[in-house]
Structures are given as structure tokens and as C-alpha cells.
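Please look at the sequence and the three-dimensional model together.

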Amino acid sequence: MKTEFLLLGHGSRRQEANQGLIEVAHKVSRILGEEVTPVFMDHDKPSLPDGVLEKIQEGAKKIIIMPLFLFRGMHVTVDIHEEIREIKEQYPDVEILFANELGADDVIAQLASLRIKEALGA
């Protein structure tokens with residue numbers, strides 16, 4: 001069964017902000033040893049539905065979407081599911097799963113602490 005991975009970011013009108021998601025997707029690809037495709041909610045391409053459809057057309061039978069969002073806001077709980085609802089209905093043989101958002105994880109707290117220390121010049 002062919003599995004594909006999508007890393008979902010919000011997207012920005014500022015291209016340099018969108019580049020960050022692309023860089024993270026490349027880093028995750030290296031860590032997993034699997035291709036990870038960046039997709040966007042807004043302001044850049046590919047969109048989430050376009051990314052999902054592309055992977056289905058390439059033969060994916062399982063798609064894992066990792067929302068690169070900190071917490072369970074509206075995008076994570078409602079919007080991303082609505083964006084692909086019709087696709088799931090159209091392709092019931094394709095399993096589409098969602099990884100958890102980043103959340104209040106210790107690693108996030110460590111990174112925030114590091115950034116604060118950097119700002120202090122420590």
C-alpha cells in the first residue's frame with residue numbers, strides 16, 4: 001500500500017514565510033526517509049485539496065496529513081476536515097489520516113526557552 005505524507009501549514013502572503021514550511025518538509029523528509037510534501041491552507045500552492053488529489057492520482061492508498069499548527073484551533077478541528085470531506089467521499093478506498101498538531105509538547109517548550117535565551121544574548 002502506497003503511503004504519502006503531507007505537511008500542512010497555514011500559508012502567508014509573504015513568500016519567505018512560506019519557504020519555512022518547505023524547509024521543514026525537507027528536513028522531515030530526511031528524518032523519515034520518505035518524501036514529505038508541503039501544502040498550504042491559504043496564500044500559496046499546492047493547497048491541501050490539490051495536494052491530496054495529486055497523491056491519489058499518483059496511486060496513494062493512504063495519506064497522512066501533519067498539520068504544522070501549535071494548537072487545536074479552528075483550522076485543526078474543523079477547516080482541514082471540511083477542505084477534504086468531498087475528496088474522502090469521492091475516494092472511499094483511500095485512507096486519509098491526520099497526525100496530531102504540535103501541541104503543548106516539552107520539545108516546544110524547550111524551543112521557546114532557547115529562543116528566549118537567544119534574545120537575552122545567552
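The side chains of Glu-118 and Arg-115 meet in a salt bridge, with N and O 3.2 Å apart; a salt bridge is defined as a side-chain nitrogen of Lys or Arg within 4 Å of a carboxyl oxygen of Asp or Glu. Both residues lie in helix α4, three residues apart, which is about one turn of the helix. Helices (H or I, at least four residues) and strands (E, at least two) are DSSP runs, numbered from the N terminus. Glu-118 is partly exposed, with a relative accessible area of 43%, and Arg-115 is partly exposed at 46%. In these terms, buried means under 20% relative accessible area, exposed over 50%, and partly exposed in between (1.4 Å probe, protein chains only).

This is a predicted model, in which local features need pLDDT of at least 70 and side-chain atom pairs count only at pLDDT 80 or more, while totals for chains, interfaces and linings use all residues. Residues are numbered from 1 along each chain as its sequence is written, and side-chain values use heavy atoms, with hydrogens and water left out.

The structure holds nine salt bridges. Side chains of opposite charge can pair when their charged atoms come close. Because Lys-55 lies in helix α2 and Glu-35 in the loop between α1 (15–32) and β2 (36–40), the pair ties together parts that are 20 residues apart in sequence. Is Lys-55 buried or exposed? At 2% relative accessibility, Lys-55 counts as buried. Another salt bridge joins Lys-61 and Asp-93, whose closest N and O atoms are 3.0 Å apart. Lys-61 lies in the loop between α2 and β3 and Asp-93 in the loop between α3 and β4, so this pair links parts that are 32 residues apart in sequence. Lys-61 is partly exposed, with a relative accessible area of 36%.

The interior comes next. In soluble globular proteins, nonpolar side chains tend to be buried together. A nonpolar core is a set of buried Ala, Val, Leu, Ile, Met, Phe, Trp, Tyr and Cys residues joined through side-chain atoms within 4.5 Å. The largest one has 17 residues, and those with the most contacts inside it are Leu-8, Leu-48, Val-52, Ile-63, Ile-65 and Ile-96. At least two of its residues come from each of β1 (3–9), α2 (48–57), β3 (62–67) and α3 (74–90). Helix α3 gives the most, with four residues. A second, separate core of seven residues includes Leu-7, Ala-25, Val-36 and Met-66. Returning to Ile-65, its partners in contact (heavy atoms within 4.5 Å) include Leu-6, Ile-84, Leu-97, Phe-98 and Ala-99, not counting residues up to four places away in sequence.

Val-107 lies in helix α4 and is exposed, with a relative accessible area of 55%. Leu-102 is in the loop between β4 (95–98) and α4 (106–120) and is partly exposed, with a relative accessible area of 32%.

Finally, consider the chain as a whole. The secondary structure comes to four helices and four strands, following the pattern β-α-β-α-β-α-β-α along the sequence. Of the 122 residues, 32% count as buried. The C-alpha atoms fill a box of roughly 55 × 30 × 30 Å, taken along the principal axes.
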